[in-house]
Amino acid sequence: MTGKTAAQLQGVDDSFELMGRTPEIVDKFNVAMVELTRLVTPNVLQSYDFSGIRHLMDVGGGSGELLGVIAQQNSKLRGTVFDLPRCAEAAGKHLRQIGVDDRVEFVAGDFFKAVPAIADAIILKSIIHDWDDVRSVAILQNCRKALPDGGKLLLVERLMPERPSMADEDREQALSDLNMLRGPGGLERTERQYRELLDQSGFELVTSYPAGRFNVIEARPA
Ligand SMILES: C[S@@+](CC[C@H](N)C(=O)[O-])C[C@H]1O[C@@H](n2cnc3c(N)ncnc32)[C@H](O)[C@@H]1O
């Protein structure tokens, strides 16, 4: 009713910053993200061929659940998990445990400030749906600055249908849309909306590969 997120009603603009004030909530959130990501990782690996990528950076990659599995399946791939400093410990431990710490490292930073220019491909899973268009364009423009002209951008997101039906899957997506609005202030987007967002950020959408309930949206620098 106010048009503000739960965090904004408490005087904080960024809900991840608000979450950071309560470490127990950060821990619960990060564990929940690992569980959710684990469900979709096999679909992502089946639907997209990562073998042509030399260095993949997972921006907002949390503790490295997705990138870790991609690295395990692609033995020549190097990787970087980029996220807030509070994810460093869990990511370091996880990457060591699954035996990819010789090729995959964690780098701390803020994707609104800058993204390191070290990879030929960037993947973002469940990141852009957290943010409104202005903030999403800021993140994507930083990814564009970090990528070479021949680089690749991969968004792993669920697509909102142009005309949602009453099917369970569409209802679930509508609930997620409300959850994003209430929490971080984001939204679930249609493929057309992702195409527009990418256009505004210096990218061109190439293809969307269905990956279970998610999609791998591939884009290249325009
Ligand atoms: C919805 S979670 C997605 C995590 C992971 N990609 C996945 O799908 O499991 C959003 C991630 O963005 C990270 N994040 C939030 N704000 C950030 C910022 N300003 N800079 C870098 N990472 C940020 C959070 O720490 C969190 O790991």
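A residue counts as buried under 20% relative accessible area, as exposed over 50%, and as partly exposed in between. The legends below use these words for a predicted model.

**View 1. A salt bridge joins Glu 172 and Arg 158.** Glu 172 has a relative accessible area of 33%, so this residue is partly exposed. The side chain of Glu 172 meets that of Arg 158 with an N to O distance of 2.9 Å. The two partners lie 14 residues apart and link distant parts of the chain: Glu 172 belongs to helix 7, and Arg 158 to the loop between strand 5 (152-157) and helix 7. Arg 158 counts as buried because its relative accessibility is 16%. In general, side chains of opposite charge can pair when their charged atoms come close.

**View 2. Asp 149 pairs with Arg 144.** The side chains of these two residues form a salt bridge, at 2.8 Å from N to O. Asp 149 has a relative accessibility of 62% and therefore counts as exposed.

View 3. Glu 196, at 39% relative accessibility, counts as partly exposed. Arg 192 is also partly exposed, at 44%. The structure has 12 salt bridges.

**View 4. Three leucines form a nonpolar patch on the surface.** The patch consists of Leu 175, Leu 178 and Leu 181. Together these residues have about 330 Å² of accessible area. Leu 181 is located in helix 7, which covers residues 168-182. With a relative accessible area of 53%, Leu 181 is exposed, since the cut-off for that word is over 50%.

**View 5. The second largest pocket has a volume of about 320 Å³.** Its lining includes Val 26, Asp 27, Asn 30, Val 31 and Val 34. Also in the lining are Ser 63, Arg 86, Glu 89, Ala 90, Lys 93, His 94 and Gln 97. Helix 3 (23-47) and helix 5 (88-97) are the elements that give two or more residues to this lining. By type, the lining residues divide into four nonpolar, four polar and four charged.

Methods. Residues are numbered from 1 along each chain as its sequence is written. This is a predicted model: local features need pLDDT of at least 70, side-chain atom pairs count only at pLDDT 80 or more; totals for chains, interfaces and linings use all residues. Side-chain values use heavy atoms; hydrogens and water are left out. Patches are made of residues with over 30% relative accessible area and no salt bridge: like charges are joined within 9 Å, nonpolar side chains (Val, Leu, Ile, Met, Phe, Trp, Tyr) within 5 Å. Accessible areas come from the Shrake-Rupley method with a 1.4 Å probe; for residues, only the protein chains shown count as cover. A salt bridge is a side-chain nitrogen of Lys or Arg within 4 Å of a carboxyl oxygen of Asp or Glu. Helices (H or I, at least four residues) and strands (E, at least two) are DSSP runs, numbered from the N terminus. Buried means under 20% relative accessible area, exposed over 50%, partly exposed in between (1.4 Å probe, protein chains only). On a 1 Å grid over the protein atoms alone, a cavity is a set of points where a 1.4 Å probe fits but cannot get out, and a pocket is an open set with protein on both sides within 12 Å along at least five of seven lines; lining residues have an atom within 4 Å of a point. Grid points are joined across faces, edges and corners, and a volume is the space filled by probe spheres set on the points. Ala, Val, Leu, Ile, Met, Phe, Trp, Tyr, Cys and Pro count as nonpolar, Asp, Glu, Lys and Arg as charged, and the others, Gly among them, as polar.
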